[in-house]
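Me: I would like to learn how to read a model such as this one, feature by feature, with the general idea stated before the particular case.

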Amino acid sequence: MNTNNHYDAIVIGAGPAGLTAGIYLSRARLKTLIVNEGTVGGQMVLTHEIANYPGVESISGYQLANIMKKQAKSFGCDIKSNIEVANFELTGDLKRITTSEGNVYTSNSIILTPGGRSRTLGVMGEENFKGKGISYCATCDGDFFTDKEIVVVGGGNSALEEAVSLTKYASKVSIVHQFDHFQAFEHAIEEAENHPKINFVMESTITAFYGKENLESVDIKNLKTGKTENFKTDGVFIFIGYIPNTEFMKGKIELNKWGKILVKPDMSTNIEGVYAAGDSIAKRYRQITTAVADGTIAALAASNYLHESKVKNKELIAI
Ligand SMILES: Cc1cc2nc3c(=O)[nH]c(=O)nc-3n(C[C@H](O)[C@H](O)[C@H](O)COP(=O)(O)OP(=O)(O)OC[C@H]3O[C@@H](n4cnc5c(N)ncnc54)[C@H](O)[C@@H]3O)c2cc1C
């Protein structure tokens, strides 16, 4: 075994969940590596302003990510960015990860924190206006649309529940949905249907986003008649699904039918010594605070596992 490439714990993903796990593990004097595809910080770095992280009134996602990174490094955590984990072997005492460049790292425990991404409409202008009128998170951005007329896209539980929650801020919410019925629980449908601020644009979809600096209008196509109309709006919230970054784990760890990692309350997975945390696990609320909390629990449980297995190994050697 190349001891330089061997760690007590390897964390896959450096979003808030992974960075927090790195802080706790390395502070517990465990040799820790975080491997991250892309920029350190994960989805946080896509966030222009974070106004709901306790103790920090307002901060950019990039700044918060850098503070967490600095904190992890100060305890000796090794962070390798722009490296994708392409494959791994999780079973047995010695875990092994292989990066897309072919480098191999080994460890006695693994914490999976690869996060995920919101499903996008994939239509003209969507990329340009992300964070400039287009949002995928009502809790994060609802407040920025106080007294504005906004659009919500989707017809599942998330879309309807978030549409109702957005009425706390917006003066009017138009729900655009591609079918003539919703795929949500009856109570969620009733609540939205009875809300005075909500109206419905059924059997329709957004086909383009327009604006100068910020979003100003959208094209809405009626899928039944084929007719397209331009609709003035300052904000569009898209809730058409969430994709966990777990494609590379299929068949190696227990996932639910949506590809989310199944964990127990201590964030352990179905494989001994392997933990998961953050947006990639099967859970309802996806926020920085919840990712940080999951990362803490996973790191503490992994530390405990490493300690207990060391004790067990010593006992076995003594026998
Ligand atoms: C636009 C936007 C705004 C938001 N605003 C807020 C807000 O204001 N407040 C709030 O609390 N939450 C906000 N959120 C949600 C919050 O950012 C997420 O809940 C949180 O970042 C999830 O953390 P995570 O560590 O689980 O995953 P992520 O942040 O997704 O990080 C996962 C990391 O793992 C890496 N990774 C994935 N696969 C691999 C692989 N195979 N190998 C190596 N690395 C891999 C990814 O590249 C990424 O860097 C926002 C999200 C978005 C998209």
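Predicted model: local features only at pLDDT ≥ 70, side-chain atom pairs only at ≥ 80, totals over all residues.

Me: Which strand does strand 14 pair with, and in which sense?

Reply: In a regular strand the side chains alternate between the two faces of the sheet. Here strand 14 pairs with strand 13 (residues 215–222) in the antiparallel sense, over five bridges, and in one of these pairings Lys 232 of strand 14 is the bridge partner of Ser 217. The two strands form a hairpin with five residues between them, and in that turn Gly 226 has a positive phi of about 80 degrees.

Me: Is helix 4 (residues 157–166) largely enclosed or largely in the open?

Reply: An α-helix has 3.6 residues a turn, so residues three or four places apart point the same way. In the present case helix 4 is largely enclosed by the rest of the structure, because seven of its 10 residues are buried. The buried residues are Ser 158, Ala 159, Leu 160, Glu 162, Ala 163, Val 164 and Leu 166, and what covers them includes helix 3 (138–141), helix 5 (186–193) and strand 9 (149–153), together with strand 10 (172–176), strand 11 (198–201) and strand 15 (235–238).

Me: Why does Lys 31 count as partly exposed?

Reply: The class follows from a count of neighbours, with 20 or more within 10 Å making a residue buried and 12 or fewer making it exposed. Lys 31 has 17 C-beta neighbours inside 10 Å and therefore counts as partly exposed. Lys 31 lies in the loop between helix 1 and strand 2, and, leaving aside neighbours within four places in sequence, it is in contact with Tyr 7 and Asp 8. Lys 31 and Ser 107, which are 76 residues apart in sequence, are 9.2 Å apart in space, C-alpha to C-alpha.

Me: What are the domains of the protein, and how does the shell around the ligand draw on them?

Reply: The protein is divided into domain 1 (3–117 + 242–318) and domain 2 (134–238), whose centres, taken over C-alpha atoms, are separated by 34 Å. The shell around the ligand draws at least three residues from each of these domains, and helix 1 (16–27), strand 2 (32–36) and helix 6 (288–318) each supply at least two. By class, the shell has 16 nonpolar, 17 polar and four charged residues. Of the 37 residues around the ligand, those that come nearest are Gly 13, Gly 15, Gly 42, Gly 115 and Gly 278.

Definitions and conventions: Residues numbered from 1 in each chain as written. Near = placed C-beta within 6 Å. Helix = DSSP H or I, 4+ residues; strand = E, 2+ residues; numbered from the N terminus. Nonpolar A, V, L, I, M, F, W, Y, C, P; charged D, E, K, R; others polar. Domains from an automatic or database assignment. Contact = placed C-beta atoms within 7 Å. Pairing = 2+ DSSP bridges.
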